[in-house]
Amino acid sequence: MKIFSTFKLLIVLLIVTQLTACGVLAVGGVAAGATVLADRRTPAVQAIDKGIELEAENALAKRFGDNAHINVTSFNQKVLLTGEVKDADIEGEAGAYVKAMKNARAVFNELVIGPNSSYTSRANDSYLESKIKTQMVFTDQLPSNSMVIVAESSSVYLMGILTQSEADLAKKVASNANGVKDVYVYFDIISEEEKVRLEKQGKADQTQPSSPPKFQ
C-alpha cells in the first residue's frame, strides 16, 4: 500500500508539473527565455542569486555530507536555508557560512534539527510547490515571475519583490492551498510607484538599496 501511494504521488507530481509548464506558456504567450524580462530583478542580480545558490549548496553538501539536507534559495540576494541538519552545530555553521558570502545581504536560517527528509516527503513538497505556482500564475494581479515558492515538510516559504497588496494576495493564495501547514513570507515590499517604474523598465534598478528592505 505504501509503495502504491508513493507511485501515485509521483504520477500526480509529473502531471501537475507538465500542466504548470503549459499554463505558464499559455498565460505568458512567450517562450521561457522571456522570463528574465518579466522578473523584477535585473539580469545581473538574477545571475548573482544563481551563483549564491550553486556555491552555497555545493560547499555545504561537501562539508556536511549525509549529516544534512540543505536547500539554498536566493532571491534579490536574500538567502533562505531550508531542510534538516543533524545537530545545532551544523545549523549554526551553515548559517554562518552563507552570511559570510559577499553577495548575500540577508540570510533566513529555517533549518530544523532532525533526520533527513524522506523521498516521499520531498516529492510531496515538490507537488505542493507546483500546485501553488499554478494557482499564482492564474491569479490576477500577481507577478508570479517575481516570486519564488519553497515548500519544506509542508511549510511554504515565499520570497519576491512585491507591493503590499500583491504580498497579501500571494500569502492568501498559498495559505488556502490544500496540504499547506504554515506560510512564511520574506518579501521585499515596493511602492505602487516603483511597481509602475519596473513594469515600464522591464527590470529592477541596477543599484542596491542603501537601507534594509521592508519585510512583511
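Buried residues make up 43% of the 216 residues in this chain, where buried means under 20% relative accessible area, exposed means over 50% and partly exposed is in between, using a 1.4 Å probe and protein chains only. The model is a predicted one, so to speak of local features takes pLDDT of at least 70 and side-chain atom pairs count only at pLDDT 80 or more, while totals for chains, interfaces and linings use all residues. Residues are numbered from 1 along each chain as its sequence is written, and side-chain values use heavy atoms, leaving out hydrogens and water.

The accessible surface comes to about 11700 Å², and carbon and sulfur atoms hold 58% of that; the areas come from the Shrake-Rupley method with a 1.4 Å probe, and for residues only the protein chains shown count as cover. As for contacts (heavy atoms within 4.5 Å), take those with a separation of 6 or more: 71% of them are between residues 24 or more positions apart.

You'll find seven helices and seven strands here. Helices (H or I, at least four residues) and strands (E, at least two) are DSSP runs, numbered from the N terminus. Read from that end, the order is α-α-α-β-β-α-β-β-α-β-β-α-β-α.

Now for one of the sheets. Three strands form an open sheet in the order β5-β6-β7, with mixed pairing; strands pair if DSSP finds at least two bridges between them. Because β5 (147–152) and β7 stand at the edges with a single partner strand each, one side of each has no neighbour in the sheet. On average, neighbouring strands are turned by 10° against each other, direction ignored. β5 and β6 run antiparallel and are joined by six bridges; Val150 has Tyr157 in β6 as its bridge partner.

Two helices go with these strands. Helix α5 (residues 119–137) packs on the sheet and touches β5 and β6, its direction making about 150° with that of β5. Helix α7 (residues 192–201) lies across β6 and β7, at about 80° to β7. Axes are lines fitted to C-alpha atoms, for helices over the stretch in contact, and angles run from 0 to 180 degrees between N-to-C directions.

Next, the rings. Rings of Phe, Tyr and Trp (its six-membered ring) pair if their centres lie within 6.5 Å; planes under 30 degrees apart count as stacked, over 60 as edge-to-face and the rest as tilted. That rule gives two aromatic pairs. One of them is Tyr157 with Tyr184, stacked at 5.2 Å centre to centre with 20° between the planes. This pair links distant parts of the chain, with Tyr157 in β6 (residues 155–163) and Tyr184 in β7 (residues 182–190), 27 residues apart.

There's a charge over a ring too: Arg41 lies over the face of Phe75, 4.0 Å from the ring centre. To count, NZ of Lys or CZ of Arg must be within 6 Å of the ring centre and within 35 degrees of the ring normal.

Thr73 sits in strand β1 (residues 68–75). Among the residues that Thr73 touches are Glu53, Leu80, Val148, Val150 and Met159.

Most residues other than glycine have a negative phi. Gln77, in the loop between β1 and β2 (78–85), has a positive phi of about 65°. Gln141, in the loop between α5 and β5, also has a positive phi, near 70°.

Here is how some of these residues are covered:

| Residue | Relative accessible area | Class |
|---|---|---|
| Tyr157 | 7% | buried |
| Tyr184 | 32% | partly exposed |
| Thr73 | 10% | buried |
| Gln77 | 7% | buried |
| Gln141 | 60% | exposed |

Methods. Lists of a residue's contacts leave out its neighbours within four places in sequence.
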